[in-house]
Amino acid sequence: MKVKKSILLFFLYAIVIFWPDYFFFRGINYLENILAAYSIVFIFNNKKKLSFFSAVTMLYFASILLSTFLQGGGNIHTLVSNVKIMLFVMVTDIEIEKDDYDTINVMWLLVFVFSMINFISLILFPQGVYQVETLWNEWGTISSSPYWIFGYKNSHAFWYLLLELLTVLKWHLNPTSKNKLLTYISIAVAITAQLLVASSTATVACVLGAVGAFYSVSFKAGNNRNRQINSYWIVALNFIINGMMIFGMTRFLGPIIQSLFNKDLTFSNRTNAWAIAFSSFLEKPVFGTGILSADETRKILGSLSYMHAHNEWLQCLWQGGILLFGIVILMLLLIAKQNNEIQNSKLKKMSDIFLMAVFVEMAFEVWLGSHLTWMMLLVIYRIGGLERLSIINRTRDRQRRIGRSE
């Protein structure tokens with residue numbers, strides 16, 4: 001079987017991007033830099049295959065980097081690390097347009113392998129593969145936190161959400177019994193992993209993803225769009241709920257928050273970080289503060305445990321201002337528009353459910369600095385296009401079979 005050159009290069013590029021930090025070695029960094037440089041040429045040569053999502057991605061990173069350097073922050077690492085994420089998003093966008101199944105399959109394979117390695121580490125080392133100690137004050141108060149292949153417990157969520165999503169799309173593009181079984185395995189592994197690390201928010205998110213994936217592979221396809229939820233309302237409801245949480249208007253949700261997320265109405269003291277971050281946003285509302293280092297963030301928020309605002313949308317306002325926040329809203333509206341155009345009813349529901357799972361995670365953590373999140377958002381955006389390509393491919397296969405039979 002002939003393998004396309006571009007897919008081989010994408011496979012190599014994806015390996016170095018998805019490579020867990022736990023296995024880091026100097027050579028992987030050199031290879032990543034070489035492939036990032038090559039990706040610029042690749043993107044230029046295939047620029048017509050880029051989607052609107054890539055254009056908004058460029059706007060996002062241009063905005064946050066501009067804000068950072070205008071405020072006198074950042075360094076060469078800030079620039080390079082963010083540009084690398086942007087380039088990989090654009091390369092993946094092109095590859096999905098060129099070869100949907102092989103691109104999804106490459107990402108699935110890497111995410112599956114690394115997720116299973118991490119899952120085994122959770123089982124073999126329930127107290128962590130290693131421990132990270134934090135010195136809290138001058139009196140020597142120290143605490144230890146368990147870390148695994150994917151790092152601290154809050155770092156695992158998008159690995160397993162992406163695993164669920166890629167596996168179900170792998171089945172959708174090639175609906176075999178093997179791919180259906182892999183979907184069920186991925187669902188079980190994703191939920192169990194979050195239970196093992198005791199991350200309540202990630203568990204809720206992965207359960208949501210599991211519902212979407214299970215529904216998609218276990219029920220017959222339908223085209224009844226009368227009962228579909230408008231995806232724009234999902235985006236709007238997300239911001240309404242986040243606003244209510246940040247401004248302390250969720251008292252009536254106390255029982256739900258306690259039962260689902262195992263948190264009180266301070267959301268594990270996140271309300272302190274939210275109040276300070278919002279006050280800081282009001283000081284620089286247009287362009288924000290730019291990207292802050294972990295030490296700068298801790299100093300502003302007043303605690304060693306706060307490395308960010310613990311809410312993605314508030315983080316965007318704080319460090320990127322209204323300008324960045326507007327770009328993020330545009331990105332989410334593009335995703336909602338694509339979701340609304342999906343004709344297959346169960347695929348539409350699945351895409352909406354995964355978008356809600358992303359929103360659950362972003363309500364309590366900051367994720368847009370991770371390539372995993374951008375892959376998740378890109379793939380959700382591309383589901384509508386994958387549906388159309390899948391229909392075209394199946395029609396061609398039927399025509400070939402009819403031609404051979406004649």
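Me: What makes the meeting of the Arg298 and Asp295 side chains a salt bridge?

Reply: First, some ground rules. This is a predicted model, in which local features need pLDDT of at least 70 and side-chain atom pairs count only at pLDDT 80 or more, while totals for chains, interfaces and linings use all residues. Residues are numbered from 1 along each chain as its sequence is written, and side-chain values use heavy atoms, with hydrogens and water left out. Now the label: a salt bridge is a side-chain nitrogen of Lys or Arg within 4 Å of a carboxyl oxygen of Asp or Glu. In the Arg298 and Asp295 pair, N to O is 3.1 Å.

Me: Where do Arg298 and Asp295 lie?

Reply: Both are in helix α12 (residues 294-301), 3 residues apart, about one turn of the helix. A helix here is a DSSP run of H or I, at least four residues long, a strand is a run of E of at least two, and both are numbered from the N terminus. An α-helix has 3.6 residues a turn, so residues three or four places apart point the same way.

Me: Is Asp295 buried or exposed, and how do you know?

Reply: Compare its value with the cut-offs: buried is under 20% relative accessible area, exposed is over 50%, and partly exposed is in between (1.4 Å probe, protein chains only). Asp295 has 57%, so it is exposed.

Me: How many salt bridges does a search of the whole structure find?

Reply: It finds 6. One of them joins Glu32 and Lys84, at 3.7 Å from N to O. Glu32 lies in helix α2 (residues 26-45) and Lys84 in helix α4 (residues 76-98), so the pair ties together parts that are 52 residues apart in sequence.

Me: Why is Glu32 called buried?

Reply: Its relative accessible area is 16%, so it falls under the cut-off. Lys84 is buried too, at 11%.

Me: What do we know about Arg382 and Glu97?

Reply: They form a salt bridge, with the closest N and O atoms 2.8 Å apart. Arg382 is in helix α15 (residues 371-405) and Glu97 in helix α4, 285 residues apart. Arg382 is buried at 9%. Glu97, at 37%, is partly exposed. Salt bridges that share partners also join Asp93, Glu97 and Arg382 into one network.

Me: How do you know that the length of helix α3 fits its number of residues?

Reply: The expected span is 1.5 Å times one less than the number of residues. Helix α3 (residues 52-70) has 19 residues, so it should span 27 Å. Its end C-alpha atoms are 27 Å apart, which agrees.

Me: What caps the N-terminal end of α3?

Reply: Ser51 does, with a side-chain oxygen 3.2 Å from the backbone nitrogen of Phe53. A polar contact is a pair of N or O atoms within 3.5 Å; within protein, one must be able to donate a hydrogen and the other to accept it, and residues adjacent in sequence count only if both atoms are side-chain atoms. Just after α3, Gly72 takes a positive phi of about 80 degrees.

Me: What makes a set of residues a nonpolar core?

Reply: They must be buried Ala, Val, Leu, Ile, Met, Phe, Trp, Tyr or Cys residues, joined through side-chain atoms within 4.5 Å. The largest core has 105 residues, and those with the most contacts inside it are Phe18, Tyr160 and Leu165. Its largest share, 13 residues, comes from helix α6 (residues 157-173). Another core lies apart from it, with 13 residues, among them Ile246 and Trp318.

Me: What does Phe18 touch?

Reply: Contact means heavy atoms within 4.5 Å. Not counting residues up to four places away in sequence, Phe18 touches residues including Phe88, Met107 and His371.

Me: How many disulfides are there?

Reply: The count is 0. A disulfide needs a pair of cysteine sulfur atoms within 2.5 Å. Cys206 is buried, at 0%, and Cys316 is buried at 2%.

Me: How much of the chain do buried residues make up?

Reply: They make up 50% of its 406 residues. The chain has 15 helices and 2 strands.
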